Amino acid sequence: MVTNYEGDSIEFKDQLPLLPIRDIVVYPFMILPLFVGRESSIQAVEHALNSSERLIFLSSQKDIKSEHPEPSEIFEMGTVAMIMRMRKLPDGRIKILVQGLTKAKIVDFEQKDPYFVTKLEKVNDLEPESENVAVSALMRTIREQLEKVISMGKILSPDILMVLEDIQDPGRLADLVASNMNLHVAEAQMVLEVLDPVERLHRINEILSRELEILGMQAKIKNVADDDMAKNQKEFFLREQIRAIKSELGDDGEQPEDEFQEFRNKIEAAGMSEEVEKEALKQLTRLEKMHPDSSESSILRSYLEWMTDLPWNVASEEHIDLKKSLEILDEDHFDLRKVKERILEYLAVRSLKGKNMKGPILCLSGPPGVGKTSLGKSIAKATGREFIRISLGGVKDEAEIRGHRRTYVGSMPGRFIQALKQAKTNNPLILLDEVDKLGGDFKGDPSSALLEVLDPEQNSNFRDHYLNVPFDLSNCMFIATSNVLQDIPGPLRDRMEVINLSGYTQEEKLAISKKYLVPKQMDENGITNEHVEFHDEGLKNVIKCFTAEAGLRNLERQIGALCRKVAMKIAQGEESKTHVFSDTVFKLLGPPVYTKDDEKENDEVGVATGLAWTSVGGEVLYIETTKMKGSGITLTGQLGDVMKESAQTAIGFIRSKAKEFNLSEDFFDNHEVHIHLPAGATPKDGPSAGITLATAIMSLITGLPIDKSVAMTGEITLTGKVLPIGGLKEKSLAAMRMNVKTVVMPWKNKKDLEDIPEEYRKELKFVPVKSFEEVLEVALVGWSDYIAKSKKKSKRGKKELPPMAA
């Protein structure tokens, strides 16, 4: 706001439009902007602008909330003002710049609608006494008080003090101060209505004195708050000095603070060993001497929280009822006899020996989808232990196992200590998932760090880098899972009891589907037995034509797809029950993914059926051979070095036995032999295809076809012996999937037949062999007749030889 002090006498008409204003009182000679929004007020302003004088009467409302004030709600005393400038705003309001001219009083309201027009009477201030010392002193006091108000933080215009120095009229001085003090409307109106300038000065002096008193009280309150803060800091330093003195004197008579006492109580109640408790109390003593805001104190506080939260002496009660445990295992998983027997053995020994027994360390190895991870949950449920899963796939940092040292920012214990805190017992079942996928880089080798964890002789004193005290892991039951056992480092594999889980047969998959997979997928897709019925022939078709896997994941997905198709039919309004028969499967899932075209239809020359093992189960491998003019051997199909050497060994053996097998000795000199293994994009390696390669080559040379119902596996030596192989159960499963009837296997693998279920042995005929000649008798159609004819021909040739001369 600005005040203009030029001009002494103002004349105006006795009738002027009235502009009621809110939340402000306008004094004579003030210049200020006003925003006008009410329709009646806008019309009053337009009326004033249409006159030559551009004068309007400004008076404050008694109630600022009233939108349409009555004459009784407007103060009688106001100010005649001139509109200096007007601008229309986009929102419909107008902004005017007005200058107060003189005081006036409402005599009567000449017009009330659409806007007020008032009859006015000019009001003049009383004349002050000239050269009055008291008035001059009062004016000087007001200037000084106003300066104090500004210095104490009151937000006023900084130019006002310079303006005040030039004003000698007491009335104008009072008006200027009042207009800049942001007074309430009632108080500002009271000052306006005082006509004696000296009296107005006294009122302003009282207002300034009151304002100074309020500002002084605010400053005092602020100083008290600052003093309290200083006092708290002082008390803290004194407390630190007392603690230091007590530490020097060894006086622990006084009670420590609540937080430290709470830590001490937790440490005593945790059941730690003597060594661990001593270390925890030592760190607590260090924490008591530290500043609470230091970074070291927060590290120590986190350390003590970890120490007191760990289950040092808390164990869950184990179930040792063998019958009930077996029921739980059978309820969740089909077959898996070896694993269930091993768990029952542990529980049996546990019931006899008591609590002083270390937990077993098992490794479940097998293809994906056979239930290794879910089996861990069932074992935990059967034994009454808490279940914790630690995924080790892709872990490359040793600190993930042993933890980080406390010197690092954000350090934490390793995964095993975290798992124990999560389990809240010191004897959980810890599942080490995908242990064969562990990595290693410059940060260390986590598989080596696992050696201590999985060694029963060492894990009773496992020392995490973060805790730096021993923790007993011997009560935990560790179960690791892997797909490829060979990918686990030897020392780590040596510490675990390996149980191999093979794939499932078609009958097993059917039983599992009916008991587990179908109910689960029906529940997940919101359908019941009223909506769909799965028949055995339909499920067999799904297994045979849409899955070719050792596990169950793809089978579960296909059953889920069938359930979703049924759910869609129900959502579309079909109320009939869906029966999943053989032909229904093709209607809902489309054409089969795996057909009989993949099987051999006829006995073929030079095409042998082999059996291979992969990380996802067994596979049937066809070996094709052909001959052409030339010499040498060509091997294709992305074969590894070991398989290439097996082919060379087979050819070397056949060439060495050419005369015995009645073969042309110059066959390989006149013919180029091409050996190919289909699925060329898939790498293949290993020695177990040796007898299959040799059989295919013998069929090619002799022209005898190979029995399509025979598959074989075994390593061949240069002397024709058949050496043992691995993965016989998985290979047998693959043979059954492709309708193979006879499996030729090494003699030394007869012991593995005990691991093959009875239904496998009923479906397949296993022929153990010691030499390659036995393989040919089973695999080559007409081999016996071929050999018999060869022998007769050989004898006939001998009789026709002329007698040797003496």
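How many salt bridges does the count come to in this structure? By the rule I use, which asks for a side-chain nitrogen of Lys or Arg within 4 Å of a carboxyl oxygen of Asp or Glu, the count comes to 28.

Hi everyone, a quick word on what we are looking at. This is a predicted model, where local features need pLDDT of at least 70 and side-chain atom pairs count only at pLDDT 80 or more, while totals for chains, interfaces and linings use all residues. Residues are numbered from 1 along each chain as its sequence is written, and side-chain values use heavy atoms, with hydrogens and water left out.

R203 pairs with E199, at 3.3 Å from N to O. Both sit in helix 6 (residues 197–249), four residues apart, about one turn of the helix. Helices here are DSSP runs of H or I with at least four residues, strands are E runs of at least two, and both are numbered from the N terminus. Here is the general idea: an α-helix has 3.6 residues a turn, so residues three or four places apart point the same way.

Other bridges reach across the chain. E400 and R415 form one, with their closest N and O atoms 2.9 Å apart. That pair links distant parts of the chain, from helix 13 (residues 399–402) to helix 14 (residues 415–423), 15 residues apart.

Next comes K577 with E533, at 3.7 Å between the closest N and O atoms. K577 is in the loop between helix 19 and strand 16, E533 is in strand 15, and 44 residues separate them. There is also a network of salt bridges linking K103, D125, D175 and R200.

For C563, the nearest one is that of C545, 18 Å away. Is C563 buried or exposed? At 0% relative accessibility, C563 counts as buried; buried means under 20% relative accessible area, exposed over 50%, and partly exposed in between, with a 1.4 Å probe and protein chains only.

Last stop, helix 18, residues 536–546. Its buried residues are G538, L539, N541, V542, I543, C545 and F546. What covers them? The cover includes helix 17 (506–524), strand 15 (532–534), helix 19 (553–571), strand 16 (578–580) and helix 20 (582–589).

Technical notes
Contact = heavy atoms within 4.5 Å. Disulfide = S-S within 2.5 Å.
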